[in-house]
Amino acid sequence: MNCGDRLVQTLRKVVYPNASRLDGEDFDWLFETTDAKSFLDWFCASVTEQNVVSEAKLQAFNKLKESGKALLDEKALEEVMKTCTPSSSKTSALEEVAVEKLEEELHTLKKLRGLYLQRCNKLQIMASANIHSCMKLKDREDEEAKALNETLSVLQVTGNKLNHELQTVVEGIQKLISFYCPHEKGEMSSSSSPIFLFQVLLDKYLSCEEQSTSALTQFTKEHFFEGLSKCIEGTDEDFRLIQLDGCARDDPDLEEKCKEMMRLQLAYISTRNKLIETKAKNSSLKTGLQWFEANARSIQSKASQKEELLVRISSLKDETSQVENHIEALKRETLPALVRESAQLLNMPIVKGDYDLQMARHSLYTSRQDLVCSHLMKQRASFELLQLGFELELRKHRNLNRQLEALIQELRHSAERLEGRSKMMSDPALLASNKPRVNIDSRDSATHGLFQLLDGDNTQKLFRTYSGLESLAQKLCLDTQSLKDQLAISQQEQSLFTSKLESNLKTLQDYMYPDGTELMLNTPELSSNFQQLNSHLDKLNQVLLEVLEDLRVKRKILQSSKFDKVEKELYVYFFQNEELLRSIVQNLESQADLHAS
């Protein structure tokens, strides 16, 4: 039997309350210590039901205590026991043996009591430490719970926003899909309108175009094939001009027209000749009569001058014969040509009418051609416009499709990255455990990267602790706070410097513009200083001229007097080289002594 089970059985023997609920395995650890094992072994071996005080004795003892009578303590009880006489020698020997055992047990119990007191003190210290740590943990738990609640509220708000945004995106995508879904015939209601050009039904437009094309084809057949033959029926198909001298023999109608025109020309020529001759005779008779009337009186008055008249008549006859010859030449040469030309001009109205008819037919033909061409151009322009609209819409759809494919690819990459993060976060090494961790796990690359970023050390270290990461974070916070303080100080200094500069600029502006409008280039103080400076410069210039004049005079004196030159050199040596001056003076004294001797 185990030691814990022995202790539980002993407690059951002495009728300890709730002993049946105890488990022996929970008390095995008490027997592992050497100090408590001996006592527990004695307790399990010696204690029985007889060592247990009954309820009656306890009640009697309590009554005795309540009565107020004196109770014997340990020392008094020992003295009373000493007064008691032993009944026999055998009992005394047994009592001595029992006393020795009891003394040994008492000594052992005192040791156990000291150990228990020491352990009790340790346990009290540990309990107080545990209570203190529990209070700290409770405070921290409250703070963490509060932070967790705040985080949960923020996450809930963020989740609601994200759900709202996702719902908005889903609705937008559904709306976009509804835009791009092709409508079948009869599906689009009267209230709904198409969004894109490819959704527009072109049945009515195509039917209208087909009707227009068929009508145009019928119009073309009537006016450019059958109608054209009707319009030009009975006329020259090649639109040739009528020529009287070169009529085609193979065309009887045209030949008859040419003969009729020739007969008309001949009749015109004969009648024209007769008309011209008649007009010439009438004009000659009228001229003769006018001449006779004008010269009748002069002839009667000048009857005596007959000879002169005869001479004049003969001269007039000669002139008349010349005129007649000229008239005959005109009749024979000039007049027939002019009459023929005039007869040819008779064809002009007919030819002009023929030309006008042909031009009217050409104009009608070209106007109908223009009408057909304009209609065809309008139809082609509408088709090209529709084609251009479809091409532009196709290009926009291709661009949108390319953007959507890029977005889908990016979303796939984001989903893959999110799945990788989820797998990384679901790693058992990164999950929270009951045991606190001191070192950072080698598989926690994110924390290692954060530690390396904060530390700035690229060397690979064997162990990195969370406390070191916390200290680096605190250091970073302190550095950030110090930088913020320095930035605030620099901003204050900059603001002070700016305000000071603005005040100086204001002072300078007030100084430069005393009236507010005109710039003052100089001040009375500056002008007075400049005047003094100019006077000093003039004086300096005068002094320099005097010095130069003095130098020139002295240089002239030195050049003329050797003694003065030597004296000058000695003065120079006196101020610059005393040793050389001393040697020169000694040489001169020695030379003077030699001369004196």
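## A chain of helices

T10 is buried, with a relative accessible area of 4%. Buried means under 20% relative accessible area, exposed means over 50%, and partly exposed lies in between (1.4 Å probe, protein chains only). T10 sits in helix α1. Helices (H or I, at least four residues) and strands (E, at least two) are DSSP runs, numbered from the N terminus. Leaving aside neighbours within four places in sequence, T10 is in contact with F43, C44 and V47. Contact means heavy atoms within 4.5 Å.

This is a predicted model: local features need pLDDT of at least 70, side-chain atom pairs count only at pLDDT 80 or more, and totals for chains, interfaces and linings use all residues. Residues are numbered from 1 along each chain as its sequence is written, and side-chain values use heavy atoms, with hydrogens and water left out.

**The whole chain**

The chain has 14 helices and zero strands. Buried residues make up 10% of its 597 residues. Take the contacts in the chain with a separation of 6 or more: 50% of them join residues 24 or more positions apart.

**The core**

Which residues form the largest nonpolar core? The ten are L7, L11, V14, A19, F31, A36, L40, F43, C44 and V47. A nonpolar core is a set of buried Ala, Val, Leu, Ile, Met, Phe, Trp, Tyr and Cys residues joined through side-chain atoms within 4.5 Å. Two elements, α1 (3–13) and α2 (34–46), each give two or more residues to this core. Helix α2 gives the most, with four residues. Leaving aside neighbours within four places in sequence, A19 is in contact with V8, L11 and R12. In soluble globular proteins, nonpolar side chains tend to be buried together.

**Two helix pairs**

Two packed helices are described by the angle between their axes and the distance between the axes. Axes here are lines fitted to C-alpha atoms, for helices over the stretch in contact, and angles run from 0 to 180 degrees between N-to-C directions.

The axes of α10 (residues 445–455) and α11 (residues 466–512) come within 10 Å and cross at roughly 45°. That makes α10 oblique to α11. Angles under 35 degrees count as roughly parallel, over 145 as roughly antiparallel, 65 to 115 as roughly perpendicular, and the rest as oblique. On the α10 side, T447, L450, F451, L454 and D455 make the contact; on the α11 side, Y466, G468, L469, L472, A473 and L476 do. These residues divide into eight nonpolar, two polar and one charged. Ala, Val, Leu, Ile, Met, Phe, Trp, Tyr, Cys and Pro count as nonpolar, Asp, Glu, Lys and Arg as charged, and the others, Gly among them, as polar.

The axes of α13 (residues 562–576) and α14 (residues 578–596) come within 6 Å and cross at roughly 135°. The two helices are therefore oblique to each other. L570, Y573, F574 and Q576 of α13 meet E578, L580, L581 and I584 of α14 in the contact.

G389 lies in helix α9 (residues 347–425). G389 counts as partly exposed, at 22% relative accessibility. T217 lies in helix α6 (residues 203–231). T217 is partly exposed too, with a relative accessible area of 38%. Each has a listed partner.

| Pair | Apart in sequence | C-alpha to C-alpha |
|---|---|---|
| G389 and L197 | 192 residues | 7.4 Å |
| T217 and V372 | 155 residues | 9.4 Å |
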